[in-house]
Amino acid sequence: MIKPVATVDVSPNLPPSLERLRELAYNLHWSWDHEAMALLRRLDRDLWEETEHNPVWQLGLIGQEALEAAAHDEAFMAHLDRVCSRFDAYMSNEARTWYRRQYGEFDQPYIAYFSMEYGLTECLRNYSGGLGVLSGDHLKSASDLGLPLVGIGLLYEEGYFHQYLNADGYQQQSYPINDYSNLPVQQVHNADGTPLIVEVPIAEVMAKVCVWKVQVGRVPLYLLDTNHTDNPDDVRDLTDRLYGGDKRTRIRQEILLGIGGMRLLEALNIRPMVCHMNEGHSAFLALERVRVMMQENPGLDFWEAADICAAGNLFTTHTPVPAGLERFGYDLIDEHFPYLWEALGLTREEFHDLGRENMGGFDLFSMPVLALKLCHATNAVSQLHGAVSRTMWQWVYPEVPEHEIPLGAITNGIHIESWLSGEMTGLYDRYLDPAWRDEPDNAAIWADVERIPDAELWRTHERRRERLVSLARRKLRAQLQARAATQAEIEGAREVLNPDALTIGFARRFATYKRATLILRDKERLARLVNDPDRPVQFIFAGKAHPHDHPGKELIKEIVKTAELPEFRHSMVFLENYDMSVARYMTQGVDVWLNTPRRPKEASGTSGMKVIYNGGLNASILDGWWAEAYDPSLGWAIGSGEEYDQEEWDLQDYIEAQALYNLLEDDLIPSFYTRGRDGLPRDWIGRVKSSVKKLAPFFNTYRMVREYTEEYYMPSHARFQALVQPDIARGKAFADWQNTVRAQWAKVAIVNVEVKPEQIKVNEDLNVQAWVNLGALKPEDVEVQVYYGPLDSRGQIVAGEALDMQYCGPDGNGRKNVHEFSTSLAYANTGRRGLSVRVLPHHEDLADPIHTGLITWANK
Ligand SMILES: *Cc1c(COP(=O)(O)O)cnc(C)c1O
């Protein structure tokens with residue numbers, strides 16, 4: 001190997017009239033503007049494909065003659081003008097965005113969004129799957145809505161792996177190297193032109209970290225990269241691979257993301273009010289935030305600063321599978337954090353406790369536990385996932401009824417324009433109110449899909465199915481060639497699949513709980529379906545297994561082997577290297593999107609949402625988003641939402657596979673193939689229209705990011721701001737109050753409760769009186785509540801309601817520190833009811849008293 005004496009970045013030499021192409025290429029706005037993509041494709045169709053839709057690289061490769069020719073092509077220049085005016089209109093329209101209209105102007109972004117991965121477009125391979133695609137769509141909608149938000153992540157030198165299969169159908173991985181100078185990323189510099197470097201402590205080393213920026217419409221995304229020549233090799237290599245390396249690499253990547261991310265914002269002069277942790281990977285940011293606050297306000301101790309900072313932290317959890325959580329051994333904590341516990345004024349033991357999770361016999365440091373403790377807002381990503389998460393995390397909130405655990409739910413969505421085919425975009429432009437792009441959560445707009453003539457909707461969808469089939473044939477041919485298949489097999493790829501047949505797609509990560517092979521369980525029955533000459537069905541599969549997930553790889557192999565059998569050869573394909581481009585082709589072209597997770601392990605899922613907007617239908621287990629979206633008029637449910645214990649999984653697979661075949665045979669296939677005299681499947685098209693009408697207004701990131709803004713960003717911002725501005729006096733008072741309440745709480749006790757009368761009729765008043773010993777606390781420091789509801793078979797109150805009691809004054813019998821509270825309530829219907837009384841802390845700056853961990857119940 002030769003070490004260069006100098007490196008240069010060579011950039012394309014564009015004719016002046018094409019200069020704006022450079023600007024367009026570096027703003028990912030093109031990735032959700034079909035006109036812009038058409039322009040880039042028009043520049044050189046082959047290069048566009050070869051560069052995996054990377055305009056920066058394309059401009060670097062394109063010949064000077066081709067550029068000159070484009071500059072002299074009037075039609076091309078007119079197209080460029082059109083794209084530039086759309087882009088300019090988008091960028092200059094800030095004042096009219098939803099956020100600015102609601103909340104006004106801002107100088108600097110103050111919401112910082114942290115994620116380990118971002119799926120923005122296929123050429124930026126900074127994502128592995130759904131989590132990344134969600135982050136990417138979040139940023140795009142934040143841009144559309146005009147949010148004051150910046151994204152923070154890492155830039156990986158090797159993209160997430162490229163998947164190919166060996167002759168045996170077993171997954172192999174290769175890691176393409178990213179050349180940053182040929183990606184839509186730009187290094188961030190200081191005012192003096194030198195590269196911006198952020199310093200981040202990684203064990204003994206002060207790592208020098210470079211910063212790159214990706215412009216996503218109006219929103220900047222900053223990515224950190226440790227490949228700086230001054231760093232020791234193991235630190236330089238830290239950002240080699242997304243989720244690469246061992247646990248030590250992982251904790252270091254998470255230190256970079258959380259602590260490095262906060263230091264980067266400081267270097268950019270951005271003081272976030274709200275820090276959003278998209279999954280627990282970035283939770284160390286909360287500690288850095290506290291450290292800075294303590295440094296700037298010498299009077300504050302750790303818990304005081306943590307209580308204030310928590311008001312501005314939001315944690316979104318993404319996995320209902322306990323094994324999928326990020327946890328570290330204490331050796332790694334001891335290796336990396338002595339400096340930090342010292343700076344935070346904590347002992348090693350206290351620091352350890354911040355993330356402590358008992359694993360049955362030993363403890364680990366758990367990132368979600370750290371996040372739950374240091375964020376006063378937490379949410380799951382679908383309603384069902386919210387319920388599952390509250391059960392899963394109940395141990396963190398002892399004595400709190402499950403439904404009161406402060407963990408909400410905002411259901412995921414997708415960024416519509418990024419996932420919608422050009423053909424469907426055109427159809428919506430013709431028949432819907434133009435506001436479908438700007439306010440897609442408006443149900444009235446989508447109701448107009450009824451105005452799209454059935455024939456036109458069907459033709460548009462059929463065109464996309466044909467394009468999917470031809471992509472599948474092309475890809476299969478290339479796959480077979482690479483695998484050194486016989487000439488006959490390669491030629492055979494031309495004839496797989498039928499552009500007119502009912503096409504079912506299944507593509508996602510090959511985690512075993514997603515049960516990709518459920519449909520293969522009874523191959524004879526399946527063979528009859530796919531070989532029905534009048535009503536054939538065909539399947540397209542895609543997806544990557546994690547490099548260490550051998551059971552996942554076995555599932556891929558089983559699909560590939562099945563697809564090689566004579567009875568399936570024409571009707572089943574596995575497409576290698578699932579990425580955002582393959583995902584678009586599939587979700588835009590399939591008739592049915594199949595999803596068979598083992599409930600309730602799918603937190604949300606988003607791929608099925610992409611299908612809604614493109615006129616396909618969903619057939620899925622009632623899990624994740626589908627559990628709240630399903631309705632018989634607009635798709636299919638496999639089973640009825642049953643959950644099974646692990647010992648019964650085989651039985652469950654049997655039952656649910658049968659349910660799936662029955663549904664295909666009895667409803668889905670007949671609906672698709674029952675055609676009118678005009679050849680149209682009326683029943684099917686009716687379902688498609690229902691699906692768009694009922695689901696399109698909701699399952700998008702426009703609605704999702706608005707909900708994040710209204711339910712979390714703005715309230716957190718207001719609370720945090722009140723605590724720290726104009727100075728930290730109010731925050732300090734709040735923190736002192738919390739300290740006092742914590743110190744005194746052990747003395748709080750409910751001395752006596754009286755309920756009269758013992759028997760009542762419906763709508764009669766029941767009077768409840770309670771005498772509470774508050775120790776040194778004042779009555780206004782607490783909320784005394786009646787908690788009441790129906791009883792379960794073990795005599796416990798289930799899903800009770802809380803009712804505040806009124807303060808009546810000090811105890812009539814003069815008992816010291818005892819105060820009397822009372823209220824009355826009535827029951828609207830008959831039955832056996834239970835009630836209890838409890839005391840919680842109360843303060844106007846407290847988002848939810850449950851976060852204090854203080855709750856005292858009356859005991860009998
Ligand atoms: C949409 C998308 C996902 C998310 O898929 P789910 O299985 O529904 O969570 C994953 N990977 C890619 C490439 C996607 O485009």
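**Cysteines, sheets and helices in a predicted model**

In this predicted model, the count of disulfides comes to zero, with a disulfide taken as a pair of cysteine sulfur atoms within 2.5 Å. C84 is in no disulfide, and the nearest cysteine sulfur, which belongs to C123, is 19 Å away; C84 is also buried, its relative accessible area being 7%. C375 is likewise in no disulfide, with the nearest cysteine sulfur, that of C275, 8.9 Å away, and C375 is buried with a relative accessible area of 0%.

From the cysteines we can turn to a sheet. Six strands form an open sheet with parallel pairing, and their order across the sheet is β18-β17-β16-β19-β20-β21. Its edge strands are β18, covering 572-575, and β21, covering 635-638, each of which pairs on one side only. From one strand to the next the twist averages 20°. Within this sheet, strand β16 (residues 502-507) and β19 run parallel and are joined by two bridges, and I504 stands opposite V592 in β19. Helix α24, made of residues 550-564, packs on the sheet and touches both β17 (537-542) and β18, while its direction makes about 140° with that of β18.

The pairing continues from β19 to β20. Strand β19 (residues 592-595) runs parallel to β20, and four bridges join the two. V592, the residue that I504 faces, also stands opposite L617 in β20. Is β20 mostly covered or mostly uncovered? Strand β20, which spans residues 617-621, is mostly covered, since five of its five residues are buried.

A second sheet is built with the other sense of pairing. Strands of a sheet pair through backbone hydrogen bonds, and the pairing may be either parallel or antiparallel. Here an open sheet of four strands has antiparallel pairing and the order β22-β23-β27-β26. The edge strands β22 (749-756) and β26 (806-810) each pair on one side only, and neighbouring strands of this sheet are turned against each other by 20° on average, with direction ignored. Seven bridges connect β22 with strand β23 (residues 766-773) in the antiparallel sense, and V753 has A770 in β23 as its bridge partner.

Among the helices, α11 shows how a helix can sit inside the rest of the structure. Helix α11 (residues 285-296) has 12 residues and reaches 17 Å from its first C-alpha to its last, close to the 16 Å expected at 1.5 Å a residue. Because 10 of those 12 residues are buried, α11 is largely enclosed by the rest of the structure; the buried residues include L285, E288, R289, R291 and M294. In the loop between β9 (274-278) and α11 lies A283, which counts as buried because its relative accessibility is 0%, under the 20% cut-off. Leaving aside residues up to four places away in sequence, A283 touches M277, M367, L370 and A371. A283 and A802 are 519 residues apart in sequence and, from C-alpha to C-alpha, 32 Å apart in space.

Helix α21 (residues 454-482) and helix α29 (residues 682-695) pack at an angle of about 85°, and their axes are 11 Å apart. That angle makes α21 roughly perpendicular to α29. Where the two helices meet, D454, L457 and W458 come from α21, while R682, W684, I685, V688 and K689 come from α29.

Conventions
Residues numbered from 1 in each chain as written. Predicted model: local features only at pLDDT ≥ 70, side-chain atom pairs only at ≥ 80, totals over all residues. Heavy atoms only, no water. Pairing = 2+ DSSP bridges. Axes fitted to C-alpha atoms, helices over the stretch in contact; angles between N-to-C directions. Buried < 20%, exposed > 50% of the residue type's maximum accessible area, 1.4 Å probe, protein only. Expected span 1.5 Å × (residues − 1). Parallel < 35°, antiparallel > 145°, perpendicular 65-115°, else oblique. Contact = heavy atoms within 4.5 Å.
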